[in-house]
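Reader: I would like a close look at one part of this model, the packing of its helices. Please keep it brisk.

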Amino acid sequence: MSQRGLKEAFVSNLNGTSLQEVALGSLLSPICLINRGLILILYHLAKGSLPLPLPLISHLLLDFFVLILPLVVSCTVLSSSLHQVIMSLTFVSACVFCYVYHTNSHPSSRHPKTTISTFLQSHVQFNQVPFVTIFRVFVNVKTAISILAVDFSVFPRRYAKTETYGTGVMDFGVGAYVFANALVCPEARRKNISGSKMNHITKQLLSVWPLVVLGMGRLVSVKMTDYQEHMTEYGVHWNFFFTLAIVRVVASLILAVLPASQSWLFSLLISGLYQFTLETTELKAFLIHNNDREKDFLHANKEGIFSVVGYVAIYMAGVQVGLYVMQPRSQVKEWLKALSNLLFGSFVLYVALFACQSLVEPVSRRLSNLPFCLWSVAQSLFFISCLCIADMLLLFSKRTSGVYCVPSSWTLHKKQSDSVSDKNNGEMERFCLVQAVSRNQLLFFLLANVMTGLTNSVVDTLSCSTSFSVCILLLYMFMNCFVIYVLHFCGITVKFW
């Protein structure tokens with residue numbers, strides 16, 4: 001078998017992992033985020049100032065080793081010890097959190113009930129959508145890690161995309177990416193449509209041209225270089241860039257006619273009717289049987305074309321969640337209520353998912369069926385909720401320690417005259433890797449795809465040792481982060497559309 005054939009076989013016929021392991025993995029990023037914040041708080045308490053010495057380098061290295069490295073090793077050499085990794089990091093966070101609380105809170109306000117009650121009444125302000133930005137960044141980062149790591153033997157096969165049925169970590173990544181895009185779409189941000197609806201639709205059609213160009217670029221480069229392809233993933237000519245573009249356009253057409261406030265209902269109708277069609281027609285058999293690829297364009301790209309229906313349903317659900325989390329809230333207790341509602345929504349969808357898997361069929365990314373849509377949204381809500389909890393704990397730590405310049409989604413409401421604190425916050429955000437990725441998310445995703453292709457062209461990923469594989473992955477992620485970090489530090493946003 002050729003090298004290409006070996007690599008294609010390496011990512012084929014896989015069955016995924018358990019729902020519980022995917023959910024467990026969602027806890028790691030929030031814990032790393034808390035640890036990064038607590039490290040900066042401890043440094044400020046010890047030295048009395050932030051940023052760190054040699055900030056351009058030191059903050060990049062800190063963010064890389066605290067936020068990125070744990071994600072790489074947890075899906076490679078430590079994948080079999082994920083529970084222990086999370087428990088160890090949680091223990092460290094808890095110890096530092098308790099230290100910050102007991103050494104910096106005033107004796108008169110050290111009673112937990114008094115402290116928590118005061119904290120819940122606190123007013124907060126933010127320059128970005130709370131915890132949504134962090135969710136989108138970590139979805140991007142985990143996607144970047146996975147698309148290269150999957151080609152190495154050190155990456156567990158259960159984390160890779162499944163062939164037909166199953167729940168792999170990378171399967172969730174695809175659904176989460178679509179969901180993340182929907183959270184910040186114009187409809188979710190309640191942007192008023194200027195001009196006629198036809199003008200709005202035309203504008204949305206034009207706005208996806210970068211995705212179409214990227215999709216064509218990937219198609220041409222893959223065919224010209226004889227790069228390995230997993231045919232049952234999207235088809236012969238289709239790829240994820242085309243899916244993102246089509247989903248955005250179709251969803252915009254629907255929301256131009258129907259109210260965005262009822263997006264959840266349209267999501268349910270779309271996914272339900274599509275599942276009904278799968279069950280009552282020959283469509284499911286058509287999609288599963290891998291034959292007649294040369295017959296026409298539809299047969300060649302059937303997975304990519306028909307899966308758009310499921311992704312549109314996920315996108316519509318994301319619009320509904322985006323509308324909810326972007327409602328104006330000023331107090332911590334109001335955000336805590338929103339958090340409880342997100343967790344409740346995740347719970348309800350998981351219950352529906354278990355019912356569907358028992359009564360209808362298992363999750364299938366390839367079919368983009370109803371269980372896949374339910375799982376993608378439920379797991380996305382759980383991940384967002386975990387990040388929201390991490391942000392709240394960071395805000396509490398900032399309030400207790402008096403170190404307000406640590407990067408997080410929220411800051412406590414300050415007087416307008418507090419210009420020194422605003423300056424420190426702005427300076428710290430210049431050295432924040434999360435903000436760097438957030439600034440150029442599509443570029444980061446594109447860069448990761450290009451670096452993945454280059455790495456595969458020069459490295460025999462199947463025969464690499466464990467240690468060498470991890471080193472390559474860390475170097476690859478560091479290069480991606482470094483480019484994005486430098487662009488952010490220089491204030492450059494690469495957006496030409």
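In which hand of crossing, left-handed or right-handed, does α16 pass α17? Please cover the geometry and the residues in contact as well.

Author: The model is predicted. In it, α16 passes α17 in a right-handed crossing. Helix α16 spans residues 302-325, and helix α17 spans residues 332-359. Their axes lie 11 Å apart. The packing angle is about 160°. Angles over 145 degrees count as roughly antiparallel, so α16 and α17 are roughly antiparallel to each other.

Now the contact itself. Helix α16 contributes Val321, Tyr324 and Val325. From α17 come Trp335, Lys337, Ala338, Asn341 and Leu342. By class, the contact of α16 with α17 holds 6 nonpolar residues, 1 polar and 1 charged. Lys337 of α17 is the charged one.

Helix α10 covers residues 209-225, and helix α12 covers residues 240-257. Their axes come within 8 Å and cross at roughly 160°. Therefore α10 and α12 are also roughly antiparallel to each other. Here the crossing is left-handed, with α10 passing α12.

On the α10 side, the contact is made by Leu211, Val212, Leu214, Gly215, Met216 and Arg218. On the α12 side, Phe241, Phe242, Leu244 and Ala245 take part. The contact of α10 with α12 divides into 8 nonpolar, 1 polar and 1 charged residues. Arg218 of α10 is the charged residue.

Key:
Residues are numbered from 1 along each chain as its sequence is written. This is a predicted model: local features need pLDDT of at least 70, side-chain atom pairs count only at pLDDT 80 or more; totals for chains, interfaces and linings use all residues. Side-chain values use heavy atoms; hydrogens and water are left out. Axes are lines fitted to C-alpha atoms, for helices over the stretch in contact, and angles run from 0 to 180 degrees between N-to-C directions. Helices (H or I, at least four residues) and strands (E, at least two) are DSSP runs, numbered from the N terminus. Angles under 35 degrees count as roughly parallel, over 145 as roughly antiparallel, 65 to 115 as roughly perpendicular and the rest as oblique. A crossing is left-handed if the near helix is turned anticlockwise from the far one by less than a right angle, and right-handed if clockwise. Contact means heavy atoms within 4.5 Å.
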